[in-house]
Amino acid sequence: MSCNPAVGGIAKGQIVREIDALGGKMGEVTDACSIQFRMLNRSKGPAMWSPRSQADRGKFIWAWRKVLENTPNLSIWQDTVKELIFVSRGTIGGVVTRMGVRFEAKAVVITAGTFLNGLMHIGRTMIPGGRVGEEASYGLTEQLVEAGITMGRMKTGTPVRLDGRTIDFSLAERQDGENDFHHFSYLPFTDEQKEARLQQMPCWTIQTNEKVHEVLRRGLPDSPLYNGQIHSIGPRYCPSIETKIVTFADKDHHLLFLEPEGTDTQEYYLNGFSSSLPIDIQLEALHHIPALAHAQAYRPGYAIEYDYFDPTQLLHTLESKVVANLFMAGQVNGTTGYEEAAGQGLVAGLNAALRALDRGSFTLSRDEAYIGVLIDDLVTKGVDEPYRMFTSRAEYRILLRQDDADMRLTEKGYKLGLATEERWRLFCEKRDCVERILSFCNEFHVKLSFNDVLSKLGSTPLKEGCKLVALINRPELTMLQLSEYVPELKSLFETLPADRREEIIEAAEVRIKYAGYIEREKMVADKIARLENIRLRPDFDYNSLQQLTIEARQKLSRIRPETVGQASRVPGVSPADVNILLVLLGR
């Protein structure tokens, strides 16, 4: 957790739940270290709900270490890789470390984050490194470029860290988490975990003002982003404060968030104030915010440049098309964020293991997971800026809700050996409970005498009897409300596992209220899936197809999609080009 001390958020929270459903540990570790949990977008439909948790950064590190060092059959070697071993020009066979240790391997996964040729910027000061206090990694980029892999440079940034003892919180607006404690993992808390729950802490919101902006503008000549020092591309959706005041010059304020780094530290992360301006400019600007008038910093914000590799040179397994047995995940593929990196890491690591065991491969489609959307976007569209996941990137949002990631993915994880027997048992129990609720609601008949209840609840009276499911479909009514007046439904709820009751009822209610939308999206997804089953040869000569547009020939020749479905999503390939491909393939 090198940057923001939080996990999840819009669309990112869905990815964490998908990782958990498959058997990954990110959700469990976050839950163990959570100091605030919120479900974002509650005012919108369930397809938009996104869990987010503040975490204790220090405890997060040690919780992960405990998981890793107690994982059976996992060997750990602490060192820096300086060289890749090639058994032939196009095949990798291991790594060599700076200590001179040689590891031979059937598959190698590169997850180097921001460390490849990493360079940090604070004003005109440049410091080599992957992040503050940690060395950059050298040598791998040059080897991979020589092997035929295309590289580029990207930039990201981090904000100032402040001493909470010097912040006047009475001049900030308090932002508490949710009282009813939700969690990322589908595994219920044990009594021991409930006892060990960390102190819940508030976040705080403050605002910049015109005086702050004046100081920041004065520092622009020394900003690496504007004086030519940085040439690489930064994240559009997480801009630095100097980018905000230039891009949104008409705005007289910007919202900032003070986020605690943990229960035992005074350090606060100033979300929204990412910057690479000189230290004195950063501090002078902050002192014009009333709550931060006397604030002291632990360290300034800074920008960091690093190497990444063109993700269109990857298969959907995240194996390189150029170098066999080499897999890549995270920022090296042009993404930003822990959650995107973790989703890729799970897929890349799983496919590397399957390759080593000669057990085929594993991929996720766009209608199965946000992880599938993420990887498909990367390998078919590429990136021209750090990629960040949003719900708007998924065309099947209603199918990819955070509440049903387990229903979509746990069986896959179990068959692969990722999900444990206990996780599988709990999944089957939840699935059966949801089906029991749906069956009851579809069969239970409501009589006209129920109109008295509907009147109390402010709902339109019935003109004739109906099934209970028809009432649940009304937006103003909920299952829990109705269960107070339908004893049979309340009795059914009481048979559900107490520690998962709320989650099970919510899952059943979403299925009922959005059944029509869910079915419609499934039909669309099934139609599109037919194109995914039509495979294209990797050596296909697109340049010989004069019927295709020049742009389509160029893009298809470069990206080499594996199926017609993937070809249809390549920018520059029109529906007419896809139809021509289908006709020619038919011949």
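In this predicted model, Arg42 lies over the face of Trp49, 4.6 Å from the ring centre.

Contacts between aromatic rings form the next topic. A pair of aromatic rings is described by the distance of the centres and the angle of the planes. Rings count as a pair if their centres lie within 6.5 Å, and by this rule there are nine aromatic pairs. One of them joins Phe169 and Trp204: the ring centres are 4.9 Å apart and the planes stand at 40 degrees, so this pair is tilted. Phe169 belongs to the loop between strand S10 (151–163) and strand S11 (173–175), whereas Trp204 belongs to strand S12 (residues 203–207); the pair therefore ties together parts that are 35 residues apart in sequence. Trp204 has a relative accessibility of 12% and counts as buried, because the limit for that class is under 20%.

Phe169 also pairs with Tyr268. Here the ring centres are 5.3 Å apart and the planes lie at 50 degrees, so this pair, too, is tilted. Tyr268 is located in strand S14 (residues 267–274), and its pairing with Phe169, in the loop between S10 and S11, links distant parts of the chain, 99 residues apart. Phe169 and Tyr268 are both buried.

Which residues do these ring pairs link into a cluster? The cluster consists of Phe169, Trp204 and Tyr268. Phe169 contributes from the loop between S10 and S11, Trp204 from strand S12, and Tyr268 from strand S14.

Technical notes:
Residues numbered from 1 in each chain as written. Predicted model: local features only at pLDDT ≥ 70, side-chain atom pairs only at ≥ 80, totals over all residues. Heavy atoms only, no water. Phe/Tyr/Trp six-rings, centres within 6.5 Å; stacked < 30°, edge-to-face > 60°. Helix = DSSP H or I, 4+ residues; strand = E, 2+ residues; numbered from the N terminus. Buried < 20%, exposed > 50% of the residue type's maximum accessible area, 1.4 Å probe, protein only. Lys NZ or Arg CZ within 6 Å of the ring centre and 35° of its normal.
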